[in-house]
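Work through the exercises below with the sequence and the model at hand. Each task is followed by a solution in steps.

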Amino acid sequence: MKKEKQASGTPKARPAAKKVGATAGTGAPKPAASKKENPLKSAPTDAAPVEAATASKGAAAGGARFEPRIVAFVCEWCGDGQEADGANGPGAGGTAVRFVHVMCSGRVQPSMVLKAFELGADGVIVCGCRPGKCHYYFGNERQAEMFETSKKLVSLLGLEADRLRLEWIPGPDGRTLGAVLDEFTEKVRRVGPSPLRK
Amino acid sequence: MKELIEAIKLTGARLCLDCGKCTAVCPVARTNGSFSPRKTVANAVAGDEDALKDDTIWHCLTCRLCSERCPSDVDYVDLTRLARADAYKDGKEAQCSHGSAFQLLMRIMTAPELKQQRMGWVTPDLKIAEKSDWLYFVGCIPYFDAFFEKLNVNTSEIARSTVKLLNAVGIEPVVMPDERCCGHDLLWGGDIENFKMLARHNVEKIKATGATKIVSACPECVTTLKVYYPEFVGALPFEVMHLTELLDKHVASGALKFRKNSKRVTFQDPCRLGRFLNVYEQPRNLLKAICGDSFKDMRRSRNSSVCCGTSGWMNCGIHSKAIQTGRLTEARRTGSDLLATACAKCKIHFMCAMNDTGFPEESKIEVEDLAVLLASSLVK
Ligand code: SF4
Ligand code: SF4
């Protein structure tokens with residue numbers, strides 16, 4: 001299995017960020033983005049829905065639907081170009097998911113998750129390969145361990161558990177990355193805007 | 001540059017005799033040949049603009065050992081603090097360990113609307129009050145436990161022990177569910193803006209509790225509140241002290257008694273507790289109250305004590321590890337089985353160093369916080 005994967009060569013090249021639904025992300029936020037620029041903030045299309053959402057705190061109440069800002073750390077090997085499918089899928093309507101491509105989910109330290117929240121993400125999802133399918137043999141296991149730490153830190157900070165997710169791709173019942181992201185986005189939409197939005 | 005000239009004035013750097021004592025004692029200079037406080041001071045005074053701007057300003061542990069030795073009273077640590085604040089404004093930052101996780105936690109904690117869930121360490125046996133003259137400032141202990149679970153640092157036990165000890169001397173302290181990091185590491189990392197936000201938040205919340213006496217088991221919290229909050233946010237309407245200062249009084253008066261044991265123990269003076277707050281005797285008195293004559297100081301102790309090797313989660317690397325290995329070896333050489341410290345971070349750094357593959361077996365020693373040792377020896 002592992003050999004097969006390796007034989008298929010380098011992961012598919014793809015643009016750093018994809019348009020999702022009607023709204024465009026500004027690009028993948030660099031995990032170590034300088035403190036002066038906030039890649040999450042600079043998405044122009046966010047402004048209106050965010051204000052509406054803050055006013056109505058959460059779902060459709062005030063008319064305009066709350067569009068959460070999602071940061072998705074996606075391993076280059078497991079997504080398989082699927083975000084494009086998910087992007088135009090039924091549920092994604094208007095939400096900009098910011099993809100941060102990593103070579104392995106094992107790269108995503110707790111600090112990267114915290115950075116996304118610090119920049120104002122409403123939800124953060126880490127996607128890796130299914131158990132036993134990691135291109136680097138054990139990167140996803142490391143992620144599973146680190147994720148426990150991320151979860152604890154996020155919970156100490158008082159952020160809702162639903163804002164943070166780890167998912168192996170393909171997801172449950174063979175769900176595509178796009179479907180997983182849609183479902184996660186819906187969850188976060190229900191939780192409402194993060195108290196860390198700037 | 002104006003700020004830096006001001007910093008040189010404020011810290012007495014112009015009085016430098018170029019004697020080199022600072023570099024001779026500096027634990028960083030011993031392991032990292034490219035670092036020299038003397039050179040930095042001498043060059044800065046000579047008008048070299050880069051002296052206080054290059055990367056070496058982040059190497060210092062801010063342990064204050066050099067200032068202790070300086071015949072001219074040059075405050076190198078403060079010079080470093082001011083230089084860092086200036087560099088930070090220019091967009092420079094320290095190389096922070098753990099991907100800056102702790103700095104991020106601190107910056108997240110500046111958000112006013114945050115509702116932390118940080119009280120998980122409180123067990124039913126601990127007596128905590130809604131209203132009291134006393135407030136226990138916990139510090140980042142809950143976060144340390146979450147982050148360093150693998151090292152098994154069990155820092156929450158320090159918090160529980162602190163409350164047990166306070167209860168034992170008749171104090172039921174207030175503990176704030178909305179306490180934020182004191183900001184120590186942001187202050188020393190040059191991020192003054194966020195430091196001030198944390199300071200203002202904490203001062204306001206403490207004021208709202210009505211407490212007038214603040215006690216903490218963390219020397220960094222105590223130093224930051226006591227020494228630096230007034231400098232940045234004005235005079236405080238409360239008194240701040242370290243747990244050992246309070247307990248020592250109660251032991252001296254005979255009100256607090258411990259079961260004796262014969263463990264051989266030595267003590268690591270945390271930089272902030274010793275050289276910043278001048279608390280040297282109190283922790284020793286307390287240790288002697290539990291282990292009597294089997295307490296033994298290291299060769300370099302009190303104001304000559306060597307830092308635990310990392311400060312503000314900055315620049316941890318081979319130099320830190322070398323300092324830690326050296327210090328643990330020194331502790332072991334006293335013949336002690338246990339190294340007591342009074343700072344959660346000292347404990348974390350030492351335990352991390354010993355966890356490394358290749359750490360010399362003969363230098364391994366148990367490390368425990370003084371509060372935990374004391375609470376487990378309380379006479380019921
Ligand atoms: S404060 Fe400590 S680490 Fe910094 S220069 Fe002085 S002795 Fe060296
Ligand atoms: S110890 Fe003091 S006087 Fe001597 S070189 Fe260092 S800063 Fe200058």
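Contact means heavy atoms within 4.5 Å. Helices (H or I, at least four residues) and strands (E, at least two) are DSSP runs, numbered from the N terminus. The model is predicted: local features need pLDDT of at least 70, side-chain atom pairs count only at pLDDT 80 or more, and totals for chains, interfaces and linings use all residues. Residues are numbered from 1 along each chain as its sequence is written, chains are lettered from A and ligands numbered from 1 in the order in which they are written, and side-chain values use heavy atoms, with hydrogens and water left out.

**Exercise 1. Describe how H16(B) packs on H17(B).**

Step 1. Two packed helices are described by the angle between their axes and the distance between the axes. Axes are lines fitted to C-alpha atoms, for helices over the stretch in contact, and angles run from 0 to 180 degrees between N-to-C directions.

Step 2. For helix H16 (residues 318-333) and helix H17 (residues 344-355) of chain B, the axes come within 10 Å and cross at roughly 95 degrees. H16(B) is therefore roughly perpendicular to H17(B). Angles under 35 degrees count as roughly parallel, over 145 as roughly antiparallel, 65 to 115 as roughly perpendicular and the rest as oblique.

Step 3. Lys321(B), Gln324(B), Arg327(B) and Leu328(B) of H16(B) touch His349(B), Phe350(B), Cys352(B), Ala353(B) and Met354(B) of H17(B). This contact has 5 nonpolar, 2 polar and 2 charged residues. Here Ala, Val, Leu, Ile, Met, Phe, Trp, Tyr, Cys and Pro count as nonpolar, Asp, Glu, Lys and Arg as charged, and the others, Gly among them, as polar.

**Exercise 2. Describe two further helix pairs of chain B, H11(B) with H12(B) and H1(B) with H6(B).**

Step 1. Helix H11 (residues 192-209) and helix H12 (residues 219-233) of chain B have axes 10 Å apart, at an angle of about 110 degrees. H11(B) is therefore roughly perpendicular to H12(B).

Step 2. Residues of H11(B) in this contact include Phe195(B), Leu198(B) and Val203(B), and those of H12(B) include Leu225(B), Tyr228(B) and Phe232(B). The contact of H11(B) with H12(B) counts 11 nonpolar, 2 polar and 2 charged residues.

Step 3. Helix H1 (residues 2-10) and helix H6 (residues 76-89) of chain B cross at roughly 170 degrees, and their axes come within 9 Å. H1(B) and H6(B) are therefore roughly antiparallel.

Step 4. Glu3(B), Leu4(B), Ala7(B), Ile8(B) and Leu10(B) of H1(B) meet Leu79(B), Leu82(B), Ala83(B), Asp86(B) and Lys89(B) of H6(B). Of these residues, 7 are nonpolar, none polar and 3 charged.

**Exercise 3. Which residues are around ligand 2, and which are closest to ligand 1?**

Step 1. A residue is near a molecule or strand if one of its heavy atoms lies within 4 Å of it.

Step 2. Around ligand 2 lie Cys16(B), Leu17(B), Asp18(B), Cys19(B), Gly20(B), Lys21(B), Cys22(B), Arg38(B), Cys70(B), Pro71(B) and Val74(B). By class, this shell has 7 nonpolar, 1 polar and 3 charged residues.

Step 3. Ligand 1 is surrounded by 14 residues, the closest being Cys26(B), Cys60(B), Leu61(B), Cys63(B) and Cys66(B). Helix H3 (27-31), helix H5 (65-69) and H6 of chain B each give two or more residues to this shell. The shell around ligand 1 divides into 12 nonpolar, 1 polar and 1 charged.

**Exercise 4. What area do domain 2 and domain 3 of chain B bury between them, and what area is buried between chain B and chain A?**

Step 1. Chain B is divided into domain 1 (2-89), domain 2 (101-248) and domain 3 (253-376), with bounds from an automatic or database domain assignment.

Step 2. Buried area is the accessible area (1.4 Å probe) that two parts lose on being put together, summed over both. Domain 2 and domain 3 of chain B bury about 2800 Å², 75% of it on carbon and sulfur atoms.

Step 3. Between chain B and chain A, about 1800 Å² is buried, of which carbon and sulfur atoms give 68%. Leu104(B), Ile108(B) and Ala146(B) lose the most area on the chain B side, together 28% of what that side buries.
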